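Please keep the sequence and the coordinates at hand while reading.

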Amino acid sequence: MKKTILAATAILMLLLAACDKKEQVSGYSKHESEVFSLEYPTSWDTVLYIRPFQPFMASSPSEEQVSVMATRLINGVSLDSFVTDRINAFQNVEDWQFELVEKKIEGNKASIHYTLQNEYTSEKFGQLMNIYVHGEHFYGIDCRYENDAQKDTVQHIMNSVKFNQ
């Protein structure tokens, strides 16, 4: 009887350990709102509805990476014009050298990939931004990265964004 209980306990512990590993491997939580959903690393802190125009924000524990979903009324502005305005704003950030890596507009989605390098230090980082047209609003999500592992995380976040009908 004791051997059966010990064997059953060992099997249960193995199953629980295997489940834990699967959870750790995926490592992402899902945020769902009435308008959109997205995945972000489980270890990140989240802030919901911090401002009407910023319904979601998540940051890594060290806050070196922050992902923000922001929104604004379209008010007759085309997606192409809005993207051009965003790029012009990035080019004029004081003390930072801007380099556009890629700009892509397909349908109701635009993707902007750029780097910024500080003119006085060696600090350099990449930034990915997706802008979506949904209803009467633009929704933009962006996040920066400093290395390939962070870039993979950012791409996962960006690829997980889904809008409700």
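Which residues gather in a patch of positive charge on the surface? In this predicted model, the patch is made up of K30, K104, K109 and K162. The points below begin with that patch, then turn to the salt bridges and to the strand pairing.

**Positive patch**

- K162, one of the lysines that gather in the surface patch, belongs to strand β10, which covers residues 162-163.
- K162 counts as partly exposed because its relative accessibility is 48%, a value that lies between the 20% limit for buried and the 50% limit for exposed residues.

**Salt bridges**

- Side chains of opposite charge can pair when their charged atoms come close.
- The structure holds 2 salt bridges, and in one of them D80 is joined to K103, with the closest N and O atoms 3.9 Å apart.
- This pair links distant parts of the chain, since D80 lies in helix α2 (residues 79-91) and K103 lies in strand β6, 23 residues apart.
- D80 is partly exposed, with a relative accessible area of 40%, and K103 is likewise partly exposed, with a relative accessible area of 40%.
- E146 forms a salt bridge with R144, in which the closest N and O atoms are 2.8 Å apart.
- E146 has a relative accessible area of 41% and is therefore partly exposed, while R144, at 22% relative accessibility, also counts as partly exposed.

**Pairing of β6 and β7**

- Strand β6 (residues 96-106) pairs with strand β7 (residues 109-118) in the antiparallel sense, over 10 bridges, and within this pairing L100 has Y114 in β7 as its bridge partner.
- The hairpin of β6 and β7 has 2 residues between the strands, and G107 takes a positive phi near 60° there.

- Strand β8 (residues 124-134) is mostly covered, as 8 of its 11 residues are buried.
- β8 also runs antiparallel to strand β9 (residues 137-145), to which it is joined by 9 bridges, and the bridge partner of I131 in β9 is G140.
- In the hairpin of β8 and β9, where 2 residues lie between the strands, G135 takes a positive phi near 65°.

Notes
Residues are numbered from 1 along each chain as its sequence is written. This is a predicted model: local features need pLDDT of at least 70, side-chain atom pairs count only at pLDDT 80 or more; totals for chains, interfaces and linings use all residues. Side-chain values use heavy atoms; hydrogens and water are left out. Two strands pair if DSSP finds at least two bridges between them. Helices (H or I, at least four residues) and strands (E, at least two) are DSSP runs, numbered from the N terminus. Patches are made of residues with over 30% relative accessible area and no salt bridge: like charges are joined within 9 Å, nonpolar side chains (Val, Leu, Ile, Met, Phe, Trp, Tyr) within 5 Å. Accessible areas come from the Shrake-Rupley method with a 1.4 Å probe; for residues, only the protein chains shown count as cover. A salt bridge is a side-chain nitrogen of Lys or Arg within 4 Å of a carboxyl oxygen of Asp or Glu. Lys and Arg count as positive and Asp and Glu as negative; His and the chain ends are not counted. The place of a charge is taken as NZ of Lys, CZ of Arg, CG of Asp or CD of Glu. Buried means under 20% relative accessible area, exposed over 50%, partly exposed in between (1.4 Å probe, protein chains only).
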